[in-house]
Amino acid sequence: MSPVPGPTGPQEQEPSVGQLLSGVTADLQTLFRQEVELAKAEIREEGTRAGKAAGMYGGAGFAGYLVLLFLSLAAVLGLSNVMDGGWASLIVAAVWAVVAAVLYQKGRERMRTVSPKPERTVETMKENAEWARHPTK
């Protein structure tokens, strides 16, 4: 069919349903690609921040370790004024063994509650799939 001239000039043909669907599909693909690129950029940026924060936590942990080491040494030297140095060292080591055992038990209890499967994400993905199958519900 050729365009039918009208009072304002030739009229354009309306696009077919197939052309409209093709356009919508192309737009959705572009949108999806852009969203994925945005997510990648955000993840990279957050990963960089998290890496720097983790480095600071590591430094703080090392400094805390040194503090505990020197406090333990001070405790041993302080106790050695009242008893033999060997017994003083043994007492400080026993205190740290108790602390380690308590922390191990608490960590073990908490680890048992950790689920490796992201439950909420799985649930929302199921909901998204259901919506995609039946968008009018």
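Predicted model: local features only at pLDDT ≥ 70, side-chain atom pairs only at ≥ 80, totals over all residues.
In which helix does Leu68 lie? Leu68 lies in helix 1, and because its relative accessibility is 39%, Leu68 counts as partly exposed. The protein chain has an average pLDDT of 85, with 89% of the residues scoring at least 70. Within the protein chain, the mean is highest in helix 2 (residues 85-112), at 94, and lowest in strand 2 (residues 9-10), at 53.

The overall layout can be followed along the sequence. The protein chain contains three helices and two strands, arranged in the order β-β-α-α-α. Of its 137 residues, 4% count as buried, and the chain exposes about 12300 Å², of which carbon and sulfur atoms supply 66%.

Leu68 also belongs to a nonpolar patch on the surface, whose members include Leu71, Trp87, Trp96 and Leu103, and which has about 1100 Å² of accessible area together. Helix 1 and helix 2 each supply at least two residues of this patch, and helix 2 gives the most, with seven residues.

When neighbours within four places in sequence are left aside, Ser72 is in contact with Val92 and Trp96, and Trp96 is itself one of the residues of the nonpolar patch.

The charged side chains complete the picture, with three salt bridges found in a search of the whole structure. One of them joins Lys40 and Glu37, with an N to O distance of 3.7 Å; both residues lie in helix 1, three residues apart, which is about one turn of the helix. Lys40 counts as partly exposed at 42% relative accessibility, as does Glu37 at 43%.

Arg49 takes part in a salt bridge with Glu45, where the closest N and O atoms are 2.7 Å apart. Because Arg49 and Glu45 are four residues apart in helix 1, about one helical turn separates them. Arg49 also forms a salt bridge with Glu46, at 3.2 Å between the closest N and O atoms, and these two residues lie three residues apart in helix 1. Through salt bridges that share partners, Glu45, Glu46 and Arg49 are joined into one network. Glu45, at 43% relative accessibility, counts as partly exposed, and Glu46, at 44%, counts as partly exposed too.

Conventions. Residues numbered from 1 in each chain as written. Heavy atoms only, no water. Contact = heavy atoms within 4.5 Å. pLDDT = per-residue confidence, 0-100. Buried < 20%, exposed > 50% of the residue type's maximum accessible area, 1.4 Å probe, protein only. Areas by Shrake-Rupley, 256 points an atom, 1.4 Å probe, with all protein chains shown as cover. Patch = residues over 30% accessible without salt bridge, like charges linked within 9 Å, V, L, I, M, F, W, Y side chains within 5 Å. Salt bridge = Lys/Arg side-chain N within 4 Å of Asp/Glu carboxyl O.
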